[in-house]
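The entries follow the order in which I worked.

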Amino acid sequence: MAPSSLFSNMHLFFFFLLSSIHLSLQLNHTTSLFSLSFPLTPLSLSTSTASKMMLLNSLLANNNNNNTRLKSPPYSSPYNYKLSFKYSMALIVDLPIGTPPQVQPMVLDTGSQLSWIQCHKKAPAKPPPTASFDPSLSSTFSILPCTHPVCKPRIPDFTLPTSCDQNRLCHYSYFFADGTYAEGNLVREKFTFSRSLFTPPLILGCATESTDPRGILGMNRGRLSFASQSKITKFSYCVPTRETRPGYTPTGSFYLGNNPNSNTFKYIAMLTFGQSQRMPNLDPLAYTVALQGIRIGGRKLNISPAVFRADAGGSGQTMVDSGSEFTYLVNEAYDKVRAEVVRAVGPRMKKGYVYGGVSDMCFDGNAVEIGRLIGDMVFEFENGVQIVIPKERVLATVEGGVHCVGIANSDKLGAASNIIGNFHQQNLWVEFDLVNRRVGFGTADCSRLSN
């Protein structure tokens, strides 16, 4: 979660599993859903924290799933709240929380369930060192007591290390794989956009101790995710192309509800898993899709589609994750991708170099020339739907002038999943239609859309 990493996965490794919170917004005194668009501020997360958090959170997710279908809104809402977001490695959205609202930076993570924010009481004489939420300033803030069902050690699809503090309030602790952590109280709070536009109180974490300055906006399919609690029917985002120019951070858009561009999207089915299908290595709350194959430089790689689907133990699941920066592939698929890259540019590879402990397809020298030799990369899905990564964006600049193919080996992290990260979602609308259980893709110039 600290700056400087390519692996911005927001998956948490703690004593138990934690997941996410979905946002559905309501008009005051009504139950009509509406569309909102928020600014995302994609920023860097640390290699060890980010990638390992996301992967481990996915794999440790409790084997329970809420398959209740959300109802469609009775009409298309006229409300559309759009702000810009900035992107480098993670997607950071600034959200107004509390009454009156306090703007909080949160990592948009479709691979996590529980949302949490930084909570610190501000000293009246000076501003806090980082953006944080002051509960004493909000009239709608409340802390969950120890008797609340969520504070129990085990409830469906949400296992969290909770305990009672000395005030009989619900306390939680998240411990990450690299030793970082977040802990505080579980609370209820509203997202307040105006006097007439706000969410109902949502359950989220209020971290009083944390090693990261930002919070998490959990957006997976778990019942405590931001999307699920607020009952939104769909959401989408558009990730702009990464830039390495000093002082410049590209921006993109995030919609909660209907996206005016959705008539151009192409959709694939979202795979869901019933109670009888639960497997030890499966994350049933992830946005799982059926990847069919991979092409590099026009060559179809000899990878069986079965490699991209969950096997009897749940290994091989393919998920779309905004909280992961790179794309991760299991051994069989990764080895085929690496072999093709070696065939095209093997002599130019940086010998003995592994970035972040997972990426060993790295190069010194001219990234444009190397990308041209590798060629376009294509992820193929059903019905002819494709994610095309042009050769100009096959490589990511990581550190010290080194460039790496934006694909890493998930097995090196002890994971058994295929994960399509935000690096391969650039210049692409990605929509999660929760009602129709499908994922939509649409090409776009995301930087221009945010203006």
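Entry 1. I started with Cys362, which is buried at a relative accessible area of 0%. I note that the model is a predicted one. Cys362 is joined by a disulfide to Cys404, S to S 2.0 Å. I read a torsion of about 100° about this S-S bond, so the disulfide is right-handed. Cys362 lies in strand 24 and Cys404 in strand 28 (residues 402–405), so I recorded a link between distant parts of the chain, 42 residues apart. Cys404 is likewise buried, with a relative accessible area of 0%.

Entry 2. I then looked up the other disulfides; the count comes to five. With the bonded cysteines numbered in sequence order, I noted the pairing 1-6, 2-4, 3-5, 7-10, 8-9. One of the disulfides is formed by Cys238 and Cys446, with sulfur atoms 1.9 Å apart.

Entry 3. I turned to Asp360, in the loop between helix 3 (331–345) and strand 24 (362–363). Is Asp360 buried or exposed? I found 13% relative accessibility, and because buried means under 20%, Asp360 counts as buried. Its side chain makes polar contacts with the side chains of Tyr334 (2.4 Å) and Arg338 (3.2 Å). Among the other residues that Asp360 touches, I listed Met349, Tyr353 and Lys412.

Key. Residues numbered from 1 in each chain as written. Predicted model: local features only at pLDDT ≥ 70, side-chain atom pairs only at ≥ 80, totals over all residues. Heavy atoms only, no water. Helix = DSSP H or I, 4+ residues; strand = E, 2+ residues; numbered from the N terminus. Buried < 20%, exposed > 50% of the residue type's maximum accessible area, 1.4 Å probe, protein only. Polar contact = N/O pair within 3.5 Å; in protein donor to acceptor, adjacent residues only side chain to side chain. Contact = heavy atoms within 4.5 Å. Disulfide = S-S within 2.5 Å. Lists of a residue's contacts leave out its neighbours within four places in sequence.
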